[in-house]
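Please keep the sequence and the structure in view while reading.

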Amino acid sequence: MKILLAIDGSSYTKQMLAYLVENKELFANTAQDYTVMTVVAPLPTRVNTALSKEVILKYYADESDKITEPVIKFLAMHDIHPTVVSKVGVPGQMIAQVAEEGKYRLVVMGSHGHGALGNLVMGSVATQVLANCKVPVLLVR
């Protein structure tokens with residue numbers, strides 16, 4: 001089963017990862033193919049025009065590595081060895097797009113749990129994923 005783990009480095013990501021390793025038996029009947037995904041917000045246009053492409057790409061790679069490296073180490077301690085996908089864009093839309101294009105069977109992500117009113121006022125990556133994704137989503141609070 002292909003499972004996409006959407007991460008952002010927050011405490012909610014840590015809760016999701018803890019849930020995942022504590023409940024590995026939920027997925028024990030099928031082979032696991034985990035992918036860890038993070039999305040870096042794009043730099044403003046004026047920054048893109050002022051810096052070289054190499055500098056911008058290094059910035060995106062460094063930002064992604066800050067988030068993914070601790071997750072990879074944690075999962076390796078629990079005998080989970082995922083592939084890594086890093087994207088630049090709007091997180092909710094990119095996660096949904098990768099999940100569908102990659103033919104994932106499940107997206108797992110942490111959620112802040114603001115509730116309906118909080119999501120209406122502040123928005124939520126989880127809400128965007130749920131709205132845009134045809135793949136089942138497991139939210140961990």
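## The residue after helix H4

Helix H4 is followed by Lys 103, whose phi is positive, near 55°; helices (H or I, at least four residues) and strands (E, at least two) are DSSP runs, numbered from the N terminus. Lys 103 is a residue other than glycine, and its place is in the loop between H4 and E4. At 65% relative accessibility, Lys 103 counts as exposed, where exposed means over 50% relative accessible area, buried under 20%, and partly exposed in between (1.4 Å probe, protein chains only). Most residues other than glycine have a negative phi.

Asp 79 is also no glycine, and its phi is positive at about 60°. Asp 79 belongs to the loop between H3 and E3 and, with 59% relative accessibility, counts as exposed.

## Basis of the model

The model is predicted: local features need pLDDT of at least 70, side-chain atom pairs count only at pLDDT 80 or more, and totals for chains, interfaces and linings use all residues. Residues are numbered from 1 along each chain as its sequence is written, and side-chain values use heavy atoms, with hydrogens and water left out.

## Overall organisation

The protein contains six helices and five strands, which follow the pattern β-α-β-α-α-β-α-β-α-α-β along the sequence. Of its 141 residues, 38% count as buried. The protein exposes about 8400 Å², and carbon and sulfur atoms supply 57% of that area; accessible areas come from the Shrake-Rupley method with a 1.4 Å probe, and for residues only the protein chains shown count as cover.

Contact means heavy atoms within 4.5 Å. Among contacts with a separation of 6 or more, 79% are between residues 24 or more positions apart.

In H4, which spans residues 91-101, the buried residues are Gly 92, Met 94, Ile 95, Ala 96, Val 98 and Ala 99. Their cover includes the strands E1 (2-6), E2 (33-40), E3 (83-88) and E4 (106-110), together with helix H6 (125-132).

The largest nonpolar core has 17 residues, and Leu 4, Met 37, Ile 95, Ala 99, Val 107, Met 109 and Cys 133 have the most contacts inside it. Such a core is a set of buried Ala, Val, Leu, Ile, Met, Phe, Trp, Tyr and Cys residues joined through side-chain atoms within 4.5 Å. At least two residues of this core come from each of E1, E2, H4, E4 and H6, and H4 provides the largest share, five residues. Apart from this core lies another, of 16 residues, which includes Ile 3, Leu 20, Leu 106 and Val 108. In soluble globular proteins, nonpolar side chains tend to be buried together.

## Helix packing

H4 and H6 pack at an angle of about 40° with their axes 8 Å apart; axes are lines fitted to C-alpha atoms, for helices over the stretch in contact, and angles run from 0 to 180 degrees between N-to-C directions. The two helices, H4 and H6, are therefore oblique to each other. Angles under 35 degrees count as roughly parallel, over 145 as roughly antiparallel, 65 to 115 as roughly perpendicular and the rest as oblique.

Helix H1 (residues 11-22) and helix H3 (residues 53-77) have axes that come within 11 Å and cross at roughly 15°. H1 and H3 are therefore roughly parallel to each other. Thr 13, Leu 17, Ala 18, Leu 20 and Val 21 of H1 meet Val 71, Phe 74 and Leu 75 of H3.

Strand E2 holds Tyr 34 and Thr 38. Tyr 34 is buried, with a relative accessible area of 8%, and its C-alpha atom is 9.4 Å from that of Tyr 104, 70 residues away in sequence. Thr 38 is buried as well, with a relative accessible area of 1%. Not counting residues up to four places away in sequence, Thr 38 touches Ile 7, Ser 64, Ile 67, Thr 68, Val 85, Ser 86 and Lys 87.

Leu 43 sits in the loop between E2 and helix H2 (45-50) and, at 17% relative accessibility, counts as buried. Beyond its neighbours within four places in sequence, Leu 43 is in contact with Asn 48, Ile 56, Tyr 59 and Tyr 60. The C-alpha atoms of Leu 43 and Ile 56, 13 residues apart along the chain, are separated by 8.3 Å.
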